[in-house]
Amino acid sequence: MAGPEFVGRERYGFPMRRDRHGRGMRGPLAPRALPLRRTPVEQFDTLVMDSVAAIERRLSETLGSKFTDLRHIEFAVDEVPPESQHYDADIVEDRGVPLAKLYPAQPGTVAASPRIVLYRRPIELRAEGKAETGALVRSVLAEQLASLLNLPPEDLEF
């Protein structure tokens with residue numbers, strides 16, 4: 001029974017190594033493309049983009065031809081909110097901690113399109129698990145998009 005062939009002791013695209021006594025890790029636990037190798041930051045970014053796509057589908061179903069897409073809106077994720085003493089109406093907060101902020105469009109400048117920034121750490125700390133984190137992200141995005149598009153938040157939540 002022949003095992004897999006590895007040319008030049010390569011597996012998953014890079015050489016396998018051992019420590020100097022021939023023991024220890026011989027290679028990675030999983031290939032780079034598998035979800036096992038995604039960092040929490042990458043997982044949160046994917047969750048945000050999946051939520052945006054779901055909200056966009058929901059808008060096209062409910063509004064039909066009146067709805068354009070959300071491509072003109074920038075979505076960003078920051079670790080924590082910046083230190084600021086005054087909060088505007090365009091910030092979603094929980095117990096005094098901002099979860100997201102809406103930066104309106106400023107035509108003629110670098111910020112020509114509106115931007116919604118979600119703060120990863122405050123959102124993750126308020127959720128118990130992945131499902132609750134996803135629900136909180138969808139809720140925060142729905143509130144910010146409703147404010148931007150002048151729609152009731154109930155039309156965007158699913």
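**Exercise 1. The fold**

In what order do the elements of the chain run from the N terminus on?

Solution. Begin with the ground rules. This is a predicted model, in which local features need pLDDT of at least 70 and side-chain atom pairs count only at pLDDT 80 or more, while totals for chains, interfaces and linings use all residues. Residues are numbered from 1 along each chain as its sequence is written, and side-chain values use heavy atoms, with hydrogens and water left out.

Step 1. Know the terms. Helices (H or I, at least four residues) and strands (E, at least two) are DSSP runs, numbered from the N terminus.

Step 2. Read off the order. It is β-β-α-β-β-β-β-α-α.

Step 3. Check the tally. The chain has three helices and six strands.

**Exercise 2. Surface and packing**

Find what share of the chain is buried, and describe its surface and contacts.

Solution. Step 1. Set the classes. Buried means under 20% relative accessible area, exposed means over 50%, and partly exposed lies in between (1.4 Å probe, protein chains only).

Step 1. Apply them. Of the 158 residues, 27% count as buried.

Step 2. Accessible areas come from the Shrake-Rupley method with a 1.4 Å probe; for residues, only the protein chains shown count as cover. The chain's accessible surface comes to about 10900 Å². Carbon and sulfur atoms account for 52% of that surface.

Step 3. Look at contacts (heavy atoms within 4.5 Å). Take the contacts between residues at least 6 apart in sequence: 54% of them join residues at least 24 apart.

**Exercise 3. A bridge between strands**

Which residue forms a salt bridge with Glu74?

Solution. Step 1. Recall the idea. Side chains of opposite charge can pair when their charged atoms come close. The cut-off here: a side-chain nitrogen of Lys or Arg within 4 Å of a carboxyl oxygen of Asp or Glu. The whole structure has four salt bridges.

Step 1. Find the partner. Glu74 pairs with Arg115, with the closest N and O atoms 2.8 Å apart.

Step 2. Glu74 sits in strand S3 (residues 74-78) and Arg115 in strand S6 (residues 115-119), so the bridge ties together parts 41 residues apart in sequence.

Step 3. Glu74 is partly exposed because its relative accessibility is 33%. Arg115, at 35%, is also partly exposed.

**Exercise 4. Helix H3 and what follows**

Describe Gln144 and Glu143 in helix H3, then Asn150 in the segment after H3.

Solution. Step 1. Start with Gln144. This residue of helix H3 is buried, at 2% relative accessibility. Leaving aside neighbours within four places in sequence, Gln144 contacts Asp90, Ile91, Val92, Ala100, Lys101, Leu102 and Ile116. The C-alpha atoms of Gln144 and Arg115 are 9.8 Å apart, and the two residues are 29 apart along the chain.

Step 1. Move to Glu143. It also lies in helix H3 (residues 130-149). At 36%, Glu143 is partly exposed.

Step 2. Finish with Asn150. It lies in the segment after H3 and is exposed, at 69%. Most residues other than glycine have a negative phi. Asn150 has a positive phi, near 55°.
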